[in-house]
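Here's a quick briefing to read alongside the model. Have the viewer open as you go through it.

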Amino acid sequence: MNYEKLGFKAGIEIHQQLAGRKLFSNAPALVNDENEPDIFFERKLRAVAGETGKVDKAAAYEMKKDRIFRYEACSSSSTLVEFDEEPPAPVNEDALEAVIEVALLLNANVVNEVHFMRKTIVDGSNVSGFQRTALIAVDGYVETSKGRVGIDSICLEEESAKKIEEKPHVVTYRLDRLGVALVEIATDASIKDPEHAKEVSSILGMMLRSTGKVRRGIGSIRQDVNVSIKGHPRVELKGFQDLRSMPKTIDHEVQRQQKEKKGESHVRKANADGTSTFMRPMPGAARMYPETDVPVVVITRERINAIKLPELIDEKVLRYEKEYNLSADAARMLIKHEIDFTPYTKFKRLESKFIAEVLISYPKQIQKRYKLDVSKLKDKDFQEVLGYLNDKKIPKGAVLEILVEIVKGKKIDLSKYKQVDTKILEEELKKIVAANKGASIGALMGEAMKKFHGKADGKMIMMLLKKMI
């Protein structure tokens, strides 16, 4: 498909949850409170005129559905602020600091004053009928394989409630997610094609994770893509969870627009199979009006200059590859699991590749094979066991077994893993070969490992067996 000839335009909006507490209350930023709800109430919402004096058409569309909204909440993760029964507390300064940091990473210009606005939303996802949002920075950019993509705006806003049940005239929401701080990043329309959109989303996600101040896991980040071709209005594809589906969904939208003679700007839900479905008309400026309960926050130059920018994950991967002689995959997995490799460089006799395997793969093996809780394994445990190996107190094959014993709470007995003397090993291997005449090297290795498991190095056994047959 010739996207340039089609007049393809696309921009991305990313919404990323921030860690810590909620934006305007002291409630923790939980999005899946495991407690049973102990608070229940109902509301009906109506659209109000925004700053322009008009009612937003998307809000009017939702209000016509005439639905009752039921809310359930846990007192452990929601307060009167989330119930819209108490004014908001002062803005979460940690969240504001995190968004300023993101803005600086994206080469954007931070505003001098932060003014919160109310954005009318009457689909029930906000108890108050509006979402608080504030512009933090503008005119940034990010470099990609297909050129620079502009960042139009970076905002700080509240997360919506979580829908748990929907009936024709009654919708139920859970409030543990409501009010969690979000950073919203909106690019310009310079994205060149569907694969480029996926790349830009991936880069922005990497930069957000690099701060160490964002939530992780399913649902913690959402991507929306605005798409249009020549002669067609902008359509917003909302709610991507998996970047792999993004190119296919954008392609389907381009094809849909090609078939459509006339169309209005609107919002569509991105489906898992690459299709999309109509949600509502496109909202506009009419839904915004000033928030009078939150004071203006002044951003000083001193505050901006005091922020220390983090090392980007991609840069850290390259550094790990170079400094520790690791593969790109191993480096990326160590960083993903937030494992600091530096303390392990003291084990000079051990290969970096093997250390990385122990840190990344062994916990997975223990969990899968032994059904054990590997969260009990701490950094000191790995260093202790690898230290024994480095000092030649145990063979390499004993590392996994000792880690299993640590998880089980057993006391480590190194005498169990004392290596067999090489001469004794050779004599015993000769006996195994003699007793299994004609057996394959694999079969002989199997017999040897049964006898010397944890007491001799597998590579040494294989080398000696090859010499004997």
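Let's start with a strand pairing: Gln 16 has Val 183 in S11 as its bridge partner. Strands here are DSSP runs (E, at least two residues), as are helices (H or I, at least four), numbered from the N terminus. Keep in mind that this is a predicted model, where local features need pLDDT of at least 70 and side-chain atom pairs count only at pLDDT 80 or more, while totals for chains, interfaces and linings use all residues. Residues are numbered from 1 along each chain as its sequence is written, and side-chain values use heavy atoms, with hydrogens and water left out.

**Strand S11 and its partners**
- S11 runs antiparallel to strand S1 (residues 9–17), with five bridges joining them; two strands pair if DSSP finds at least two bridges between them.
- Strand S8 (residues 147–158) is also antiparallel to S11, joined by seven bridges, and Glu 157 has Leu 182 as its bridge partner in S11.
- S11 is largely enclosed by the rest of the structure, because seven of its seven residues are buried (under 20% relative accessible area; over 50% is exposed and in between is partly exposed, with a 1.4 Å probe and protein chains only).
- Both faces are covered, with Ala 181, Val 183, Ile 185 and Thr 187 buried on one side and Leu 182, Glu 184 and Ala 186 buried on the other.

**Two buried residues**
- Arg 177 sits in the loop between strand S10 (170–174) and strand S11 (181–187), and counts as buried because its relative accessibility is 17%.
- Leaving aside neighbours within four places in sequence, Arg 177 is in contact (heavy atoms within 4.5 Å) with Gln 17, Leu 30, Val 31, Glu 159, Ser 160, Ala 161 and Lys 162.
- Arg 177 and Lys 22 are 155 residues apart in sequence, yet their C-alpha atoms are 8.8 Å apart in space.
- Thr 120 belongs to strand S6 (residues 116–120) and, at 5% relative accessibility, is buried too.
- Beyond its neighbours within four places in sequence, the contacts of Thr 120 include Ala 47, Val 48, Arg 287 and Tyr 289.

**Pocket and cavity**
- On a 1 Å grid over the protein atoms alone, a cavity is a set of points where a 1.4 Å probe fits but cannot get out, a pocket is an open set with protein on both sides within 12 Å along at least five of seven lines, and lining residues have an atom within 4 Å of a point.
- The second largest pocket has a volume of about 1,100 Å³ (the space filled by probe spheres set on the points, with grid points joined across faces, edges and corners).
- Its lining has 40 residues, with Gly 205, Met 206, Arg 209, Arg 216 and Ile 313 nearest the centre.
- Helix H4 gives the largest share of that pocket's lining, nine residues.
- The structure holds one cavity of 30 Å³ or more, and the largest cavity has a volume of about 130 Å³.
- Of the 15 residues lining the largest cavity, Val 81, Glu 82, Arg 132, Glu 158 and Leu 178 are closest to its centre.
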